[in-house]
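Hi everyone, thanks for coming. Let me put the structure up on the screen, and then we can walk through a few spots together.

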Amino acid sequence: MQASTILAPPQLPPGPRSLPLLGALPFLVKAPDHQSLGRLARRYGDVFLFHIGNVPTVVISHPELMVEAFQQANTWQLDSPHTGPDSNQGQDLPGTAGRNKRLLLRRFTEQKLSGPGVRQMLVHNHAEPMVEELLERWQHLSEWGKFINPTRELDNIDYNLSFRAVFGNSRHDSLDFLSLKSQLREHTAWTNATNNSLHPSNLLSSLKCHTKRPRQESKLPQLDRDRIVAGLIDGVRLRPEFDPAQPTCLAEIMLAAQAEGTLDWSEVRSLCCHVLTGAPSGLGRLLGWLLVLLANRPVIQAGIHEEMERVLGWGEAPTSDDRGDLPYTLACITECMRYLTVTPLSSPLRAIRSTEIGGYHVPAGSQALVNIYAIHHDERFWALPQVFRPKRFLPERSRSERLGSGPDNSQTAPVMPFGITLGVNQEAAIVRELAESAIWLFATRLLNRFQFKPREEPPLTMNEVLGMENSSRTYLLRMIPQR
């Protein structure tokens, strides 16, 4: 082997030039939102690198490269200024002790907190009651002739579902418990506000905070969060109906394990914090988008109603088991998740050791994110990606109708409504799977009960409010109860 080959530096991904301290931002035509990052991908490739300040940032725009990058959970960590030692689950412990703790918690998550049984328990105990509460409210509003603003009505679904999944819901909860619930909501809103931006000019610039002294900057908010979470766990423990043999939420499963000696107190708190840290927050926005899409497309909405009437009949509440019997409804919901990507960019992940992506070297300390919007709208994977086309997801459609027509048309791409869950944060994946199940329940039961029409003449505007999550603009809908 020649000396020049041995001494050759590893090849970094291509990308725009950078300046010291400022990085590549001065050379970009506009601030880099998900659409401009897609244009950069077409120029530099499916994996490219640019600097935000002095932080190397890798953007991935291909599903296979996404899997290649993040399938090794020990290489990446969810990096946020509001995660700390508890959230990192032993990463601050030295050597073998830290690795053993992470392995213990990962194994407990896989064996006790994951799986269809736990998800079904959470759906039955929390998602279904939330749907029925919303249906009852909207039924009253429709009887009074009121219009609804889905953007406002659905705003708290994400937080309420995540909270109930972790801490449950009981009529015996004390005023102190309810006060802590409100404090956690305020803490979560503050965290989201510091991480998110509603304007694309600040969208990726805000990522710089993910890599600037995260431990030091997170100390006070983390202590406040830990105090709140500890109080909520104690409130769950004190419920008179708490039965370790019949858990109704994730915290009760953990408390049962603590009673058995499987987990200690700090590990229970750590797992609760980690689930909350990575919980998705796009469910309400996604449902709002679905309603405006269908209100603008009465023919497609009529197709859903016809299928429900034929298969279930009006008044029969759809369940998770009805997915296979309602293929057109499922196709419409799936296409909405693809077409209007609520979470266009994944949360940034920090490489804690050097790795490779697509044959390129990615040094330790780099941050990486996936351009989910680009994957959802790539002509290599989707035929006519800019068109809302539910039939592409029907099982009887031919392969050529479902795939794109580019050189990679033999490949497929996943639909990722809440970002990536490739082993980096298994605890967050639990609530994400619950949210995906809740999408079906909320959407089908609302559509089984109501027909949605615009207040004004259609079509309603489809302009997005851009940010770390894309939402629809405020609009009003008229609800017509189905017979």
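Before we start, one cut-off: a residue is called buried when its relative accessible area is under 20%. And please keep in mind that this is a predicted model.

So, is Asp 378 buried or exposed? Its relative accessibility is 14%, so Asp 378 counts as buried. You'll find Asp 378 in the loop that links helix H16 (372-376) to helix H17 (399-402). Leaving aside residues up to four places away in sequence, Asp 378 touches Ser 61 and Pro 385.

Next, the aromatics. Searching the whole structure turns up 10 aromatic pairs. One of them is Phe 163 with Phe 167, a tilted pair at 5.1 Å centre to centre, with 50 degrees between the planes. Both residues belong to helix H8 (residues 157-167), and they are four residues apart, about one turn of the helix. Phe 163 counts as buried because its relative accessibility is 2%, and Phe 167 is buried too, at 0%. Together with Tyr 159 and Phe 177, Phe 163 and Phe 167 make up one aromatic cluster.

Arg 338 lies over the face of Trp 382, 5.6 Å from the ring centre. The charged end of Arg 455 sits over the ring of Phe 147, at 5.1 Å from its centre.

Note on methods: Residues numbered from 1 in each chain as written. Predicted model: local features only at pLDDT ≥ 70, side-chain atom pairs only at ≥ 80, totals over all residues. Heavy atoms only, no water. Helix = DSSP H or I, 4+ residues; strand = E, 2+ residues; numbered from the N terminus. Buried < 20%, exposed > 50% of the residue type's maximum accessible area, 1.4 Å probe, protein only. Contact = heavy atoms within 4.5 Å. Phe/Tyr/Trp six-rings, centres within 6.5 Å; stacked < 30°, edge-to-face > 60°. Lys NZ or Arg CZ within 6 Å of the ring centre and 35° of its normal.
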